[in-house]
Amino acid sequence: MDSHNEPHNTSHEQAGHGPGQSGNAGQKQRQFEEQQQLDERLSQIKHKVLVLSGKGGVGKSTVAANLAISLALHGKQVGLLDIDIHGPSIPRLFGLVGHTVTGTEAGLVPVLYRDNLKIMSIGFLLARTDDAVIWRGPLKYNMIKQFLKDVDWGRLDYLVVDSPPGTGDEPLSVAQLIKNPAGAVVVTTPQELSLIDVRKSIEFCRALKMPVLGVIENMSGFVCPHCGNRSDIFKSGGGQTMAESMKVPFLGKVPIEPQLVISSDDGVPFLFQHPESETARAMQAAIAPIIGLDEVPSTPEHSSIPQQKSETSIRGEQNMMQHGPSEIRVAIPVSGQKLSAHFGHCDEFFLADIDQSTRTIKQTQSLTSPPHQPGLLPPWLGEHGVKVIIAGGMGSRAKELFAEAGIQVITGAPDESPERIINDYLNEKLVLGENVCDH
Ligand code: ADP
C-alpha cells in the first residue's frame, strides 16, 4: 500500500538487519526517529479529524474551516491544518494571505486566530501558490511529513486537517502519517460525477481502516434570500442516498450560499459573519457527532468473549491496580491492526490512557516500535509512561526487565484488535490463554 520511497519499518526489516548489515540502516533510523517525533507531537491532540473530498472544488476547505470554527465556538481547543499542497485555501478564507511562518526551537508556530483556534497552512511556506505542483512524489511525501512533524500545536482537543483532494498518494500520505485519526469527514456536491468520486473516498477510508465520521453534501440547493424558497440547482439529496447505500453517517446538506463566497473572498470566516443563516446552522449541525467524540466517554463494545485454551481471569491483577491512580497508560504490541504475538517484533505499540474508576478510555495513540534491539523496549516504553503491557507472549527475561522498569506484564491476551482488548480489560472480561513465549 505504501507507494512512497519511504516505507514504514516492518518487523521483518527491524529484526533481520542490524547496523552494518544494510546500507539503509542510517536512513531507517532517521525515519524511525522522525516518525517518533511526529507521533509524540500528535499525541498531544485528542481527536484528529481529516476532511476529504473525491475531487477539488466541492468546498472541502470551506467545510474544514467552518468545522474548525464550530468546534472552537463550542469552547474546544482547536487546530486547523491546511495540508492541501496543490491549492491551500485556508490563508484566503481567514484573510491570512501573505502570512509567513515563524519558528522557535519547539517548531513552527501556528497563527493564533482566536484564543482557542490555531491555524497553520502549507500555503504559509510556499513562496508561490503553484510551487507544489512541480514537486515529484517523494518530495511531496517528505514535505507533508516534515510539515506534520514540525508544527508546534501544544495540547489540542481537535485537529481538523484539510487534506489534499482525491484518493492518490497525497491524501494517502496524510492518512498514513497521522496515526489513529478519529476519522474522516467526506465532502461532496450532489451531482452524480462528484458522488462517483466520493464513493472512492469512502473506499479509501475503508482500505485504511479509518472511520468515516460522515458525509456532508455541500452546495445542496439554493435558498432565495428574498422569498426563502428553495431551488435545487445542482439536484439535492444525492449525497444522502449515497451515504445510506454505503452505510456511513450523513451529516447534512449545506446550501449554495452567495454570502459564503463573499465572506471567503473578503477573508472573514462565514460563521463569524452570518451565524444565524441557514448555511451556518447546517454547518453547526454537521459537527454534532464530532463534538460527541469529546463528550461521550468511550464505551466498551458489547461483544462475545473469545474462548482460549486455558482461561485465567485477570481480576486479581486489576484489583491490585485499583489501589493506584485511577488513570494509567497501557501498551499493546500490534501488527496488522491486531495484537502481535511476537512482542519484540511488532510493528507498533497501541497506547491507551484508561481511567479504571470510570472504565473509560481517555485517549489512544500508536507509536512505531523502535528498531529491534535486545533490552531496548523496557526503558523505551517506560519513558513513554507505560505502566501495564498486555501481550500475547513474552520470555521470562524480558518480563524481568519490564518489572525492573516498573511495568506490569500481562501475557496470554488473544489475537484481537487492541481496542477490544482494552475494553475487555477495563470490564474484567479479558480472557487470557497461555503465554506463547517469544524468545
Ligand atoms: P475545495 O477545498 O474542495 O477545493 P473550496 O472550499 O476552496 O473547495 O471551495 C471552492 C469554491 O466554492 C470557493 O470559492 C468557495 O467560496 C465556494 N463554496 C464552497 N462552498 C460553498 C457554498 N455552500 N455555497 C457557495 N459557494 C461555496
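Here are some notes on this structure, which is a predicted model, for someone meeting it now.

1. **The chain as a whole.** Let's begin with the overall layout. There are 16 helices and 19 strands in the chain. Of its 439 residues, 52% count as buried. The chain exposes about 19,600 Å², and carbon and sulfur atoms supply 52% of that area. If you look at contacts between residues at least 6 apart in sequence, 72% of them join residues at least 24 apart.

2. **The main nonpolar core.** Next, have a look inside. The largest nonpolar core has 82 residues, and those touching the most other members are Leu50, Leu80, Leu81, Ile83 and Phe94. Among the elements, α3 gives the most to this core, with eight residues.

3. **Leu81 and its contacts.** Leaving out residues up to four places away in sequence, Leu81 touches Met120, Phe147, Leu148, Trp153, Leu159, Val160, Val161 and Asp162.

4. Now for the ligand. It is surrounded by 18 residues, of which Gly57, Lys60, Ser61, Thr62 and Glu257 are the closest. A backbone N or O atom of Ser61 sits 2.8 Å from a ligand oxygen atom, and a backbone N or O atom of Gly59 lies 3.0 Å from an oxygen atom of the ligand. Asn218 takes part through its side chain, with a polar atom 2.9 Å from a nitrogen atom of the ligand. Taken alone, the ligand exposes 560 Å², and the protein buries 84% of that.

5. **What makes up the shell.** Two or more residues of the shell around the ligand come from each of α3 (60–73), β9 (212–223), β11 (250–256) and α9 (258–266). By type, the shell residues divide into seven nonpolar, eight polar and three charged.

6. **Two lysines to check.** Most residues other than glycine have a negative phi. Lys209, however, has a positive phi near 55°. Lys209 belongs to the loop between α7 (192–207) and β9, and it counts as exposed because its relative accessibility is 58%, over the 50% cut-off. Lys247 also has a positive phi, of about 55°. Its place is the loop between α8 (238–245) and β11, and with a relative accessible area of 73%, Lys247 is exposed.

Technical notes:
Residues numbered from 1 in each chain as written. Predicted model: local features only at pLDDT ≥ 70, side-chain atom pairs only at ≥ 80, totals over all residues. Heavy atoms only, no water. Near = heavy atom within 4 Å. Polar contact = N/O pair within 3.5 Å; in protein donor to acceptor, adjacent residues only side chain to side chain. Areas by Shrake-Rupley, 256 points an atom, 1.4 Å probe, with all protein chains shown as cover. Helix = DSSP H or I, 4+ residues; strand = E, 2+ residues; numbered from the N terminus. Nonpolar A, V, L, I, M, F, W, Y, C, P; charged D, E, K, R; others polar. Buried < 20%, exposed > 50% of the residue type's maximum accessible area, 1.4 Å probe, protein only. Contact = heavy atoms within 4.5 Å. Core = buried A, V, L, I, M, F, W, Y, C linked by side-chain atoms within 4.5 Å.
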